[in-house]
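I opened the notebook to record what could be looked up in this structure, going from terms to overall shape, then to the sheet, the aromatic rings and a few single residues.

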Amino acid sequence: MIVPMLRLTLLCAAKERLAALNALRALGCVHVALEVRDGEGIRRAAAGVAAAEQALRVLDAAKKGGAFVFKPDAASPVAAMGFDALLAAAKAPAAPTSAAEVNRLAELATRLAEEAFGYRLALRRYAPFGEVDPATVAALAAAGLPVRLFKAPQKVADELGDAAYLFRAESGFAYGAWISAEPLPASCEAIPLPELATATMRARADEAEAAAEALKARLAACEALRPELRREVAAATADRTAAEVAANLRDAGDVAYLRGYLPARAEADLLAMAQAEGWGVVTEEPEEGDPNVPVLLEPPRAFRSIGVVFKGLGILPGYTEGDVSIPFYAFFSLFFAMLVGDAGYGALMLAAVIAAAVALWRKPAARPALTVFAVFSLATVLWGVLSGTYFGIDKAALPACLTAIPTVGWLGSNDNMMFLCFLIGAVHISIARLWNAALLFPNLKTLGEVGWLCVTWGMFTVVCNIVVAWFAAPLGLMVGLVGAGVVLILIPLFADIRNEGVNVGMLPLNVISAMGDIISYVRLFAVGLASVKVAENFNSMALGLDLPIVLRVLAVVAILLIGHGLNLAMGALSVLVHAVRLNTLEFSNAKGITWAGLPYAPFRQPQQ
């Protein structure tokens, strides 16, 4: 169910606002309406969260040994350090113990890598001139022998005379030194002297690269610091929440006030605390259509693990839209099984779930995810057994222990499978319509939902008549169902024609769309069949190789592992696309679920 909420207005003495915030945090049931979302305190707390999260990303990047770019903020001391200071800081022996220290080492490594890159870039520019030392050039100039570096087209360089000393020619250009007090010819491009000798730049680049790599190695060795960093993230997130709540506890003279929501069942606890703390409290039912009412979803215990899927997809029904956890869980499991469609794949997934359960048996937080994937895996095994599908192996080649298991031969017909998909679609959508009708009764709009129920089954008969070879429904039945449905739908629309006029005009398109919704469920058959055929083709490819026995065994193993691994991955992707769509679009449109719910996030102590 969706837990009923109350709208709260809390008043306290302005001078006691901090004590009130601490008491509310300890109570841990009030969802604060964040009307103010910016401010110095909030920005500072958000920066703390970002810093703690970045420290974890730093360790990830260091562990992978790939690209490593964590530039310091302009206000960071690292940003202003010179080369010598960077090297000295990088060689400090202390190991990082906090997010700030991890980030500082990452910034040092990035700055050193940038310094090395800059020196390497300069060395490439001066490479045609060999070794260049500005001090030597300055000494020559002081002795009356001015030297300037230049770049000129090859044809021009050949005619410059004795004042030009050429070092190298490449890509149509000549590079040299102009040794004369005379001005450099206009046809030549003057190359400014480097600030440092090229030998010094090379040494610095080597030092900087070595120091950066050493810092990355130190960070990669900080795996034991991860739990502490996660605690810092949790603490910083709690501080940000506290800052947001504090910004929304606003002063009005000597009184401070706060607005929010709390579960109706927690009202007594709040009132008891209000009496003890001397607060003024007003609780009331949320206004109809209030978009800020948070949603606390509590499905029946047997179906509670579906919350993992909701959280993973980032979906939540609105406060007034109803808890669809039971039908979502049941049909999602069925869709998962039909789309993956193979008992062998289901057994592999179940084995992975069991292995994960053994490894994570001390972590209760992992149990909902393990439960939901165990259900999906078992459903896949059951569907595969009923259809006799095991890794796409031909039924004649299956071992006797598997062929002895009874199957449903009816599922082997394409026509039967399409009929089953259309039937599942009609039942799925009908559940939504009947649910709406039960909630609306005795309102006149109940007739509209019954009408859509008739249209759904009328379109089911139309689609089956067109697609399923053996299905034959009388024309009168199809016309009667759709016609009766349209009449029932129009009754409540005409009763409120001022507000429902648009829906009357859209009715023909919506009726046709109802047929499209039924047809959409055929994807369960099409994708499941494609998965089986892909498995069969990989099996044929592997077994059809004509190679020496050793090479053949290696090739067969490789093809089967890669092929079935790819097929299983594509099955997982098809679940994300098709199973999710049928629940969140076709069914949800019929039920009126927008999945725009605001999660209930009470102000409380950080969870350990």
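This is a predicted model: local features need pLDDT of at least 70, side-chain atom pairs count only at pLDDT 80 or more; totals for chains, interfaces and linings use all residues.

Residues are numbered from 1 along each chain as its sequence is written, and side-chain values use heavy atoms, with hydrogens and water left out.

**Overall shape**

I looked up the secondary structure and found 20 helices and 11 strands, where helices (H or I, at least four residues) and strands (E, at least two) are DSSP runs numbered from the N terminus. The radius of gyration of the protein is 36 Å, whereas a compact globule of 608 residues would have one near 25 Å; the value is taken over C-alpha atoms, and the globule rule is 2.2 Å times the number of residues to the power 0.38. Along the principal axes, the C-alpha atoms fill a box of roughly 110 × 90 × 55 Å. Of the 608 residues, 42% count as buried.

Taking contact as heavy atoms within 4.5 Å, I note that residues 24 or more positions apart account for 79% of the contacts with a separation of 6 or more.

**The sheet**

I then turned to an open sheet of 4 strands, which has the order β4-β5-β3-β6 with antiparallel pairing; two strands pair if DSSP finds at least two bridges between them. Because β4 (164–170) and β6 (189–191) stand at the edges with a single partner strand each, one side of each is left without a neighbour in the sheet. Inside the sheet, β3 (residues 147–153) and β5 (residues 173–179) pair in the antiparallel sense over 7 bridges, and Pro 153 has Phe 173 in β5 as its bridge partner.

**Aromatic rings**

For the rings of Phe, Tyr and Trp (its six-membered ring), I count a pair if the centres lie within 6.5 Å, calling planes under 30 degrees apart stacked, over 60 edge-to-face and the rest tilted. By this rule the count comes to 24 aromatic pairs. The rings of Phe 328 and Trp 595 have centres 5.8 Å apart and planes at 75°, so this pair is edge-to-face. Phe 328 belongs to helix α11 (residues 325–340) and Trp 595 to the loop between α20 (549–591) and β11 (598–599), so that the pair links parts of the chain 267 residues apart. Both Phe 328 and Trp 595 are buried.

Phe 336 and Phe 376 are stacked, at 5.0 Å centre to centre with 20° between the planes. Since Phe 336 lies in helix α11 and Phe 376 in helix α13 (residues 367–387), this pair ties together parts 40 residues apart in sequence. Phe 336 is buried at a relative accessible area of 8%, and Phe 376 is buried at 2%. I also note one aromatic cluster, whose members include Phe 328, Phe 336, Phe 376 and Trp 595.

**Single residues**

Ser 305 lies in the loop between β10 (294–295) and α10 (307–313) and, at 8% relative accessibility, counts as buried. Leaving aside neighbours within four places in sequence, Ser 305 is in contact with Tyr 329, Pro 368, Thr 371 and Val 372.

Notes: Buried means under 20% relative accessible area, exposed over 50%, partly exposed in between (1.4 Å probe, protein chains only).
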